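Here is a short briefing for a first look at this structure. Please keep the sequence and the 3D view at hand while reading.

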6 protein chains.
Amino acid sequence: MLKGPFLSKDFIGSLNSFAEAKTVLIGMPFDGTTTNRPGTRFAPQAIRLESIGIETYSPIFDKDLEDCRFYDAGDLDLPFGNAQRVLNIIKENAVQIYSAGKKILGVGGEHLVTLAEIEAIKEFYSNIVVIQFDAHTDLRDEYLGEKLTHSGVMKQIANLIGFENIAQIGIRSGEKEEFELMKTYSTLKHRYEELDNFRDKNIFITIDLDVLDPGIMSGVGTPEAGGMSYNELLGWLKYLSMDFNIIGMDVVELAPDIDTTKNSTAAACKIIRECLMML
Amino acid sequence: MLKGPFLSKDFIGSLNSFAEAKTVLIGMPFDGTTTNRPGTRFAPQAIRLESIGIETYSPIFDKDLEDCRFYDAGDLDLPFGNAQRVLNIIKENAVQIYSAGKKILGVGGEHLVTLAEIEAIKEFYSNIVVIQFDAHTDLRDEYLGEKLTHSGVMKQIANLIGFENIAQIGIRSGEKEEFELMKTYSTLKHRYEELDNFRDKNIFITIDLDVLDPGIMSGVGTPEAGGMSYNELLGWLKYLSMDFNIIGMDVVELAPDIDTTKNSTAAACKIIRECLMML
Amino acid sequence: MLKGPFLSKDFIGSLNSFAEAKTVLIGMPFDGTTTNRPGTRFAPQAIRLESIGIETYSPIFDKDLEDCRFYDAGDLDLPFGNAQRVLNIIKENAVQIYSAGKKILGVGGEHLVTLAEIEAIKEFYSNIVVIQFDAHTDLRDEYLGEKLTHSGVMKQIANLIGFENIAQIGIRSGEKEEFELMKTYSTLKHRYEELDNFRDKNIFITIDLDVLDPGIMSGVGTPEAGGMSYNELLGWLKYLSMDFNIIGMDVVELAPDIDTTKNSTAAACKIIRECLMML
Amino acid sequence: MLKGPFLSKDFIGSLNSFAEAKTVLIGMPFDGTTTNRPGTRFAPQAIRLESIGIETYSPIFDKDLEDCRFYDAGDLDLPFGNAQRVLNIIKENAVQIYSAGKKILGVGGEHLVTLAEIEAIKEFYSNIVVIQFDAHTDLRDEYLGEKLTHSGVMKQIANLIGFENIAQIGIRSGEKEEFELMKTYSTLKHRYEELDNFRDKNIFITIDLDVLDPGIMSGVGTPEAGGMSYNELLGWLKYLSMDFNIIGMDVVELAPDIDTTKNSTAAACKIIRECLMML
Amino acid sequence: MLKGPFLSKDFIGSLNSFAEAKTVLIGMPFDGTTTNRPGTRFAPQAIRLESIGIETYSPIFDKDLEDCRFYDAGDLDLPFGNAQRVLNIIKENAVQIYSAGKKILGVGGEHLVTLAEIEAIKEFYSNIVVIQFDAHTDLRDEYLGEKLTHSGVMKQIANLIGFENIAQIGIRSGEKEEFELMKTYSTLKHRYEELDNFRDKNIFITIDLDVLDPGIMSGVGTPEAGGMSYNELLGWLKYLSMDFNIIGMDVVELAPDIDTTKNSTAAACKIIRECLMML
Amino acid sequence: MLKGPFLSKDFIGSLNSFAEAKTVLIGMPFDGTTTNRPGTRFAPQAIRLESIGIETYSPIFDKDLEDCRFYDAGDLDLPFGNAQRVLNIIKENAVQIYSAGKKILGVGGEHLVTLAEIEAIKEFYSNIVVIQFDAHTDLRDEYLGEKLTHSGVMKQIANLIGFENIAQIGIRSGEKEEFELMKTYSTLKHRYEELDNFRDKNIFITIDLDVLDPGIMSGVGTPEAGGMSYNELLGWLKYLSMDFNIIGMDVVELAPDIDTTKNSTAAACKIIRECLMML
């Protein structure tokens, strides 16, 4: 072999070995049901590449990635145009991660991938709660006749774990029927304390990056003006890092090529860094 | 004819008939007096195209576009390099809209087009007040010798309806003389309540999109740092939707190609959706 | 109604009526099986919009679009993530066009849409030959397990009409097996005269815009360096306009947002103009 | 003053003094009659800035800019929305250049500016011939009612100097009537030798950069596929540099911001360098 | 000479003479030690060009650039790949500015250039305090073995003037060791009043534009989500304009080509305008 | 470990082991002496990422990457602002490659990196000839006082191996003195046959991608209009693949972010694929 030194091809701070890791970062480059601008398929690799530009130290958690013991497994090779097969492959790998006693940090791809993660986790945990950061309700029953879509993923998940185990934060767009569903089940949360009754649950956090304002996260397929600031999102994450039992996370819906400044990708990297510190 | 189904070529939610509408959306693709970066001529078509990506339901107004009964008349075919002729054509069409007992929702193009709308409305209403959301005073008497310019449009309108019937919100750029005019006539407003004495007036609202911060509305020709957030603008609109008599609106100065993410255009679509709900 | 004048929302030169047309332009905004950069779903509307910038007169054909009697039917509303349903909808509409004694000018979307057009035409014509302009063989039997893909569309068409009725021009990329198929059936053509034995056939011409060099057609998902010049393509089309019986055409694979200069879209408009003159 | 060294703010190789120059480079940042994408107003400054990146030595002319004795006078400050006043200002300055016994190298801005240059030159020279490199005929009598437009500039010039003194090279787009005019007066030239009967004339060369193929000159407002290569253009210029009496030149219609790679601007710089060597 | 009128090639409002100026704006186009995305070398010229689009009047300071008596000296011609020589040239010119009894307004280029300015000022002033607006600590002792880098510039300056004379505002990224240094010396300031004990000092203000949120300042090489708003930065500057003795300023780290909307450059222009009003 | 399937993080077709390879691809992300637009530091990773989109089969060589037995070693971690240290690291690794009996396929970064490769190779081979594809002579003795620069790299190499062992193809820009050097030593070649007297030599081929026309390779820092077509370059490579003894190659000067279409990067991938087939 060569002496180098060589730059890593992995997300910054990754271990070289699956075995030693407690968290597994896995890329899911799928955007087959995206309704508006596609391109989230390119997110995991763009994030991996850009991660070289961020610090491994987080001032907010006063911690370094080197202390996080995570392993970047790479990106799954997923078929085009067959959502069910994609979900099967993701689920199968997620099951392996939890079988090995580790946690997942999923990197999308579109939001539908979360469904497969939850299906896998359900084989290992009960009392699952999903906390969703998102601009959109994602509660459609179907879209143009399809059940498996990025705009209906939370509906599918609610079918699995119950609406009472869904918390939605940052939602500002959807159909009238979806907003009514949110009201019926009081899933929409505005203050930290509204999450406190989930403290004895097993929590999966899914971050659709379009929860952030398009001004700071312009690289998404369905931007919605009027979103959360980066520091607001971090406030929520910081709160959730204290005395909540987090069993997995994902960060989805970055479409990196839309934002040619790469600032969206850089922000995603930092969010993933903070997530790794929470797991 | 073909069975389809076909996508609409109109702004999302438009009726197919002028006759049934109570509001008429009309595009005015003119940027002939733009001083810095041109390109607002492309806004109405870009907005129409992008509108397919937004929801027809507004959570803020808890209302759907289907309930708004508006008709998208398309874009006027306007001559280049002759501002007066452009204004004549716009005025003529606006007169037809008000003759038919309807209201206008104008989509620019540059801000000068508002002058023609007000001239038309003046033939139908008295006690007109213009509420201007803008980064710039637009109170120049002339620019390089020309009276009809996008940076002097409010001066021309003030000449028509009086400075006391002008309210300006969000202004943060202009010449010293223009700021002195604002002070003399107290046109600059900072709080909702300052508008309350216009409740018995006939109000036209003109939204120059550069009133928003360039961070969230980067697709404008003369960006001014330090602007309003999207939610602040919506706060104003929501307030104005309650017990003010709004007789027309326009949304101007989007230069869509400057913002290649298309987020500026998407935000403009949502603002127009909210405007349609106010009319 | 309003007096206007208004700009058309259709492709430049379109008639207002389906009935009077001899050619029907129809948009097929589908990119569900695209393997590399998606985005062809935005092509038909981008082309329609940009067409306002080209002349209606073609110096090469010395003819004006006004003489072509075509109707722009608009864009089909196609479901996401279900290629078979998409093909069904396209076929159904294409059948209606040919039932009415007209010809199709299809505008993609990705190349898979051509399969549905040929299936429709087969109900009306025998002795069909498909002449394909393309950088890629599109002869894969399957891609990641799927038969219906943009990289296998010509294989599917060959299954319908026979390899001896396929002519391929401009191909420069594919798998070894695909190039061997081309050799076996001598489908690859280099000179005009090689097409002469198709003069008594019913010819459908499908133009994958990536046949052009990426230098002049950068807005495609799978660019292949070393392609044809615009004038070379026009040379082929001019030759085919003389004494060949052309029964339909399509222009596919433009991904307009990749080329922010819009020059790719402008070139596509001109190619479509020339196609309309051939039909 | 400071010691520096400082970079020049002028086009590379410019003298510091008007008096010593034999050629005067002057920017004309006007795009008021542009029909499609505006932005040529930004060309002269973009070119000046980019010129720092090119060599002062031309291998084709085997000559250095230092030997050319030209002065970069800067950009005229031109009013918006009043084409006639713009032309007056340009003409006035051009007259001053020729009064001082120098030649002009005009940098547009849109093509209309050439009219003012020719009007000025006519006060000093007879037997003027204009050789136009362009994709468009520019022979419209009017456009939307206006005579003074970038698409009719050659018609106006023909009115001044006669159609027999117009040579057009690279034309590939226009209306039917315009192409008929070209045929009537045989203005379109294809081979070098067709210019030889202008050897005893006073020649002004106007280069509309869209004569080049959009693949290599994507930063123009009305791109026309199928254009000239850079080396073909240089071939013509090289030929014209031998035994033709060139009394002025201009380079127009670059819209620099359309081509974010800046390659269009860089190519324009090199063309201007070669022009300076011809004067 | 020509009559014109001509646009200035300088930053808007510049005097024509060094002698009459009290402040000297000087460009330092150097980015040789940039760690992530380079391109700040293009900032001073981009800013100069864009400045034509802003007003000379500042509503915040109620003052006009015409009253500021500054001179735009242009951009230094700096060698590539030799940081020490670059610093020497900058220092030499800065010394000349202060020798002439004037103040500097430096425009970067990367942040390392500030070191040379402070070295020069130290020859004229004692009791120097540097107030740094920045996203990054810039306190690295070395980076890949180099001491002279943009990520260690404040460490070098602290070595010159002492950590107690450093105030850092807006910092949100760095290594663990750097954050510990900040804690040890309490350099990080959060409220205006924390600066009050510097009122009897000679203050140099250095503004690394990445202190702003990437949403409004996307044109920087190392964007850090979660930054200051434009109005927050202006609040600090306004406070510092009152009864602090400011002896110099610089504005660094704009990488203009990253933000193709040019909004970052426009914001930088306005910040420089406000700085000129403070000096 | 996980079952996957996973996408490779290497250049498409790479072996997993250094030991089995006969060719080693190594990235050299350095752009410290770039004179115009920097950014080549991002090329190797962008190329690696994009390579997933090309075919492994080359129709020109009728061969598949799977038959090439190469190993992608990754990117060297190179210090900023110290060209000599960068060259040392590269040389050291190149020496290891040749010690192991393998050949190098270097991927820049800027052109200066070639110097280190040649220095390494000189320890293993005599009779070395360097064939340079480039727009620029790269024969400067120094640039702003520095000897080690990307515009002087061939001068440095000529000092090592003699001008008579340099062949230059595609050169079209440089200073007068550089062109005179080319003439003196007849290094500039125009026809294949001019290379034939190098058949008994050990040949290193260095491809500066700006040898290609900017129309098809817009992602370079110093674009020069009038370059080679992709097929012309391939013609040269095909000729060199026949009976020349090629001992190493590199592909340099791609600045991927300049070309947001990514077509430049895609073309670079294909050129590297063809290079791997030649080694």
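**Around the axes**

Gly215(F) comes closest to the rotation axis among the residues of chain F, with its C-alpha at 2.9 Å. This is a predicted model: local features need pLDDT of at least 70, side-chain atom pairs count only at pLDDT 80 or more, and totals for chains, interfaces and linings use all residues. Residues are numbered from 1 along each chain as its sequence is written, chains are lettered from A and ligands numbered from 1 in the order in which they are written, and side-chain values use heavy atoms, leaving out hydrogens and water.

**Chain F and chain C**

- A rotation of 120° with 0.0 Å of shift along its axis superposes chain F on chain C, at RMSD 0.0 Å (least squares on the C-alpha atoms of residues with pLDDT of at least 70 in both).
- That is the relation of a three-fold axis.
- The copies use different surfaces: 6% of the contact residues of chain F recur in chain C (contact means heavy atoms within 4.5 Å).

**Chain F and chain A**

**The interface of chain F and chain A**

- In contact are 32 residues of chain F and 32 residues of chain A.
- The two chains bury about 2800 Å² between them, 61% of it on carbon and sulfur atoms (the accessible area, 1.4 Å probe, that two parts lose on being put together, summed over both).
- Leu2(F), Leu7(F) and Lys9(F) supply 24% of the area that chain F buries against chain A, more than any other three residues.
- Seven salt bridges cross this interface (a side-chain nitrogen of Lys or Arg within 4 Å of a carboxyl oxygen of Asp or Glu).
- Lys3(A) forms a salt bridge with Glu92(F), and their closest N and O atoms are 3.0 Å apart.

**Aromatic pairs**

- The whole structure holds 60 aromatic pairs over all chains (ring centres of Phe, Tyr and Trp, its six-membered ring, within 6.5 Å; planes under 30 degrees apart count as stacked, over 60 as edge-to-face and the rest as tilted).
- Phe133(B) and Trp236(B) form an edge-to-face pair, 6.2 Å centre to centre, with 70° between the planes.
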